[in-house]
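Here are a few friendly notes to read alongside the structure.

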Amino acid sequence: MEGLFKERDRLARSLAGFKHALRGSIVKRGNICGKAVCICKRKKNPIPHGPYDYLTHRSRGGINSVFLNKKKFAIAKDGISQYDKAIDIIYRIA
């Protein structure tokens with residue numbers, strides 16, 4: 001039993017390394033602009049602008065999306081990876 005407690009404590013301490021964990025997913029989505037005469041607003045076969053990368057996550061208020069430029073994309077990708085690793089550790093502790 002003592003070995004299990006030591007392993008649990010070691011795993012719990014390792015969670016401190018995940019300071020930038022992000023829960024969510026990266027999705028690609030096209031946008032429709034505000035111009036009345038644009039190909040994105042055609043009645044037949046509209047072509048949205050993009051696709052652009054977004055970080056999406058569910059909260060109590062609904063689904064939230066954040067536009068990701070190149071710098072934010074790299075940060076979000078790393079944060080999601082950290083979150084996945086943290087969740088794996090939490091499941092091992094549990």
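Predicted model: local features only at pLDDT ≥ 70, side-chain atom pairs only at ≥ 80, totals over all residues.

1. Strand β2 covers residues 49-59 and strand β3 covers residues 62-67; the two run antiparallel and are joined by 6 bridges.

2. Now step back to the sheet. In general, the strands of a sheet pair through backbone hydrogen bonds, either parallel or antiparallel. Here the sheet is open, has 3 strands in the order β1-β2-β3, and its pairing is antiparallel. Because β1 (25-31) and β3 each have a single partner strand, they stand at the edges, and one side of each is left without a neighbour in the sheet. On average, neighbouring strands of this sheet are turned by 45° against each other, if direction is ignored.

3. Packed helices are described by the angle between their axes and the distance between the axes. For helix α1 (residues 2-14) and helix α2 (residues 70-93), the axes come within 10 Å and cross at roughly 160°. An angle over 145 degrees counts as roughly antiparallel, and α1 and α2 are therefore roughly antiparallel to each other. The crossing in which α1 passes α2 is left-handed.

4. Which residues of α1 and α2 make the contact? From α1 come Glu7, Arg8, Arg10, Leu11, Ala12 and Ser14, while α2 contributes Ile89, Arg92 and Ile93. By type, the residues of this contact of α1 with α2 divide into 4 nonpolar, 1 polar and 4 charged.

5. Finally, the chain as a whole. It has 2 helices and 3 strands, and from the N terminus on the elements run α-β-β-β-α. The radius of gyration of the chain is 20 Å, well over the 12 Å that the globule rule gives for 94 residues, so the chain is more spread out than a compact globule. The C-alpha trace spans about 70 × 25 × 20 Å along its principal axes.

Definitions and conventions
Residues numbered from 1 in each chain as written. Heavy atoms only, no water. Pairing = 2+ DSSP bridges. Helix = DSSP H or I, 4+ residues; strand = E, 2+ residues; numbered from the N terminus. Axes fitted to C-alpha atoms, helices over the stretch in contact; angles between N-to-C directions. Parallel < 35°, antiparallel > 145°, perpendicular 65-115°, else oblique. Left-handed = near helix turned anticlockwise from the far one by under 90°. Contact = heavy atoms within 4.5 Å. Nonpolar A, V, L, I, M, F, W, Y, C, P; charged D, E, K, R; others polar. Rg over C-alpha atoms; globule rule 2.2 N^0.38 Å.
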